[in-house]
Amino acid sequence: MRAGLDMPSLAAAQEYLASLHSITTLADLRDALEETSDRLGCHYFALSQHVDFLRAPDSALRLHNYPESWEAWFDSRGLGVSDPIHRASHVTAFGFRWAAVSGMIKLSKTDRLVLSEAYAHGIGDGFTVPGNVPGETLGSCSFACRAGDDLRDERIPFAQLAGQLLFETGRRMAMKRPHADPPALTDRQVECIMWVGRGKTDWEIAQILGVSHGTVIEHLRNARERYDASTRSMLTVRALYDGAVCFSDLIA
């Protein structure tokens, strides 16, 4: 069983997550995926866009260390598009445990076969972070334990943040960056993003800043438009990447 490293201090976790900004090559990205997997106590990782890889082997991003036998079984059935974990990631903007998938989408007999085959190939408990950007190929970043092992609850927040950052790194390598230069944000927009990153609702942010609920909604809507970000979580990730906010800003 891969026990994983003890969860680092807050400062150490922030330092590691910040280091992901320095990734410039796919080789570096793969190394970061492997290191993150180790820190989570996982054995497997997969960062991919959701396409049929036999039909389009060179047109989409995929980095993983799953067993070759599972890759062959998976690709022979065109599961890049229809895999139940991938489909579940299309209906949420937040990371999820694989055990929760049956409550997110209706599982068919084929879906249950896919999940049982994954376990038979040695892939156990997992956590997936969606990477859904309007107008782009859907994708995700996943970490999984060997069959029989468990991903510990206290590691989930780290998996969520790391998975978002790693997927965003991969998509930026795979296509042109939406903004050649970071968009300019107002001070109020930055404040709102900071509180979003701390898990506050629009109403709570309004109370904290002493402004109306509608004003907060408008600030965040304008910020999402400037970043072409469809969700609050994606807005936060992109603001982190561009330095508009830093990790310490997001700690409640």
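Biologist: Which classes of residue make up the lining of the second largest pocket?

Modeller: Rolling a probe the size of a water molecule over the atoms shows where empty space is left. Here the lining comprises 12 nonpolar, eight polar and four charged residues (Ala, Val, Leu, Ile, Met, Phe, Trp, Tyr, Cys and Pro are nonpolar; Asp, Glu, Lys and Arg charged; the others, Gly among them, polar). The model is predicted, with pLDDT of at least 70 required for local features and 80 or more for side-chain atom pairs, while totals for linings use all residues. Numbering starts from 1 along each chain, and side-chain values use heavy atoms, without hydrogens or water.

Biologist: How much space does this pocket hold, and which residues lie closest to its centre?

Modeller: The space is about 470 Å³ (that filled by probe spheres set on the points). A pocket is an open set of 1 Å grid points where a 1.4 Å probe fits, with protein on both sides within 12 Å along at least five of seven lines; lining residues have an atom within 4 Å of a point. Closest to the centre, among 24 lining residues, are Tyr66, Ile85, Trp98, Ala118 and Ile123.

Biologist: How is an aromatic pair read?

Modeller: By the distance of the centres and the angle of the planes. Among four aromatic pairs in the whole structure (centres within 6.5 Å), tyrosine 16 and phenylalanine 158 are stacked (planes under 30 degrees apart), at 5.9 Å and 25 degrees.

Definitions and conventions
Phe/Tyr/Trp six-rings, centres within 6.5 Å; stacked < 30°, edge-to-face > 60°.
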